[in-house]
Amino acid sequence: ESDGSVVQYKPEIGVILNIDKDHKEIDSLMEMFSVFRDNSKKIIVNHSHLLASQLSRDAKIDFSTDSSMPAGYTGGQFRQDGFSISFAINEIPFTIGQLGKHNMENAVAAVAAANQAGVDLVTCSVALKQYAGIYRRHQLLGTKNGIILIDDYAHNPVKCAAAIVACQPLASKVIAWFQPHGYGPTRFLKNDFVKEIAHALRPVDEIWMSEIFYAGGTTTKDISAADLINEIRAKGKNAFFVANRDHLVDNLRSHLTEDCVLLLMGARDPSLEAFAGSVWEAI
């Protein structure tokens, strides 16, 4: 989707999980994924996502996580206990060692595709129970002094909001830090970042940002992460800006509690893994 090459794919089974503004405007995305749908021998779409559902070709093989919008594969009975989630797909129980309702949605999509390829739902359930997750997707770095440190690749508005919400059952307070990447993308998504992150935060939660990651090239540096923070704060949320991320822990130390998640978010910057390690050492 980011470079438009998805229109060149001609899969046996195509899956459309969601369509959200990221690299392109919604109209362009709908056109692109309409081509992807037409290029797929079978297409499985998310009926619980308004835009994706518009591309449905056969509801009997689509999926949903909303009982009011049922499809051939419907997930429900969601529950999160610590670092695992449980749910049912067509009444078959599933458990995965992951966080968040969005991961139930991911699982239902994967199960729908696997079942269409001939794998029964019970086998899918057994397999997903062994799923260990992937690098920098709610990656648990450890717990220290009651602080749970999690590193995540979230980088667009909807993903950042989902990452925050998924951490909320773990502790009474979530402190999220985000490093936007690219001046053009941040400018393009500014209003969406403000809206989605502000909506995700509970009254006690906090969002911190450091300055935009710049990978080089020609660009106009006419926006700052501070602009996002100021607008989120104007919505009555706890929002803070620390330009240099190396000063993050010193600035937020007094905000940490013994029942707290510290969530680090960002993408594209190859030094983020090392940064997360430095935060772990400092807290």
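Contact here means heavy atoms within 4.5 Å. The model is predicted.

1. **Glycine 72 and its contacts.** Glycine 72 sits in the loop between β3 (63-64) and β4 (73-81). Setting aside its neighbours within four places in sequence, glycine 72 is in contact with Ala59, Lys60, Asp62 and Asn90. Isoleucine 61 is 11 residues apart from glycine 72 along the chain, yet their C-alpha atoms are separated by 4.9 Å. Is glycine 72 buried, exposed or partly exposed? Its relative accessibility is 24%, so it counts as partly exposed; buried would need a value under 20%.

2. **Helices α3 and α4.** Helix α3 covers residues 101-116. Its axis and that of α4 come within 10 Å and cross at roughly 135°. That angle makes α3 oblique to α4. The crossing is right-handed. From α3, the contact is made by Ala107, Val111, Ala114 and Asn115. From α4, the partners are Leu121, Cys124 and Leu128. By class, this contact has 6 nonpolar residues, 1 polar and no charged.

3. **Helices α5 and α6.** How do α5 (residues 157-167) and α6 (residues 183-200) pack? Their angle is about 15°, with the axes 8 Å apart. α5 is therefore roughly parallel to α6. This crossing is right-handed. α5 brings Pro157, Val158, Cys160, Ala161, Ile164 and Val165 to the contact. α6 brings Leu189, Asp192, Phe193, Glu196, Ile197 and Ala200. The contact of α5 with α6 has 10 nonpolar residues, no polar ones and 2 charged.

4. **Helix α7.** The helix runs over residues 225-234. Ala225, Ala226, Leu228, Ile229 and Ile232 are buried. Around the axis they cover an arc of only 155°, which puts them on the same side of α7. What do these buried residues pack against? Their partners are α6, β10 (206-209) and β11 (238-241).

5. **Helix α9.** In α9 (residues 272-282), the buried residues are Leu272, Phe275, Ala276 and Val279. Seen down the helix axis, they fall within an arc of 100°, so they line one face of α9. The face turned away from that buried side carries two exposed residues, Ala274 and Glu281. Several elements meet the buried residues of α9. The strands are β7 (139-144), β8 (147-152), β9 (173-179) and β12 (260-266). The helix is α8 (248-252).

6. **Arginine 136.** Most residues other than glycine have a negative phi. Arginine 136 has a positive one, near 60°. Where does arginine 136 lie? It is in the loop between α4 (121-129) and β7. Its relative accessibility is 5%, so arginine 136 counts as buried.

7. **Asparagine 145.** Here too phi is positive, at about 55°, although the residue is not a glycine. Asparagine 145 is placed in the loop between β7 and β8. Is asparagine 145 buried or exposed? At 55% relative accessibility, asparagine 145 counts as exposed.

8. **Points to check in the viewer.** Then turn to α9, whose buried residues pack against both β7 and β8.

Methods. Residues are numbered from 1 along each chain as its sequence is written. This is a predicted model: local features need pLDDT of at least 70, side-chain atom pairs count only at pLDDT 80 or more; totals for chains, interfaces and linings use all residues. Side-chain values use heavy atoms; hydrogens and water are left out. Axes are lines fitted to C-alpha atoms, for helices over the stretch in contact, and angles run from 0 to 180 degrees between N-to-C directions. Helices (H or I, at least four residues) and strands (E, at least two) are DSSP runs, numbered from the N terminus. Angles under 35 degrees count as roughly parallel, over 145 as roughly antiparallel, 65 to 115 as roughly perpendicular and the rest as oblique. A crossing is left-handed if the near helix is turned anticlockwise from the far one by less than a right angle, and right-handed if clockwise. Ala, Val, Leu, Ile, Met, Phe, Trp, Tyr, Cys and Pro count as nonpolar, Asp, Glu, Lys and Arg as charged, and the others, Gly among them, as polar. Buried means under 20% relative accessible area, exposed over 50%, partly exposed in between (1.4 Å probe, protein chains only). The arc is that of the directions from the helix axis to the C-beta atoms.
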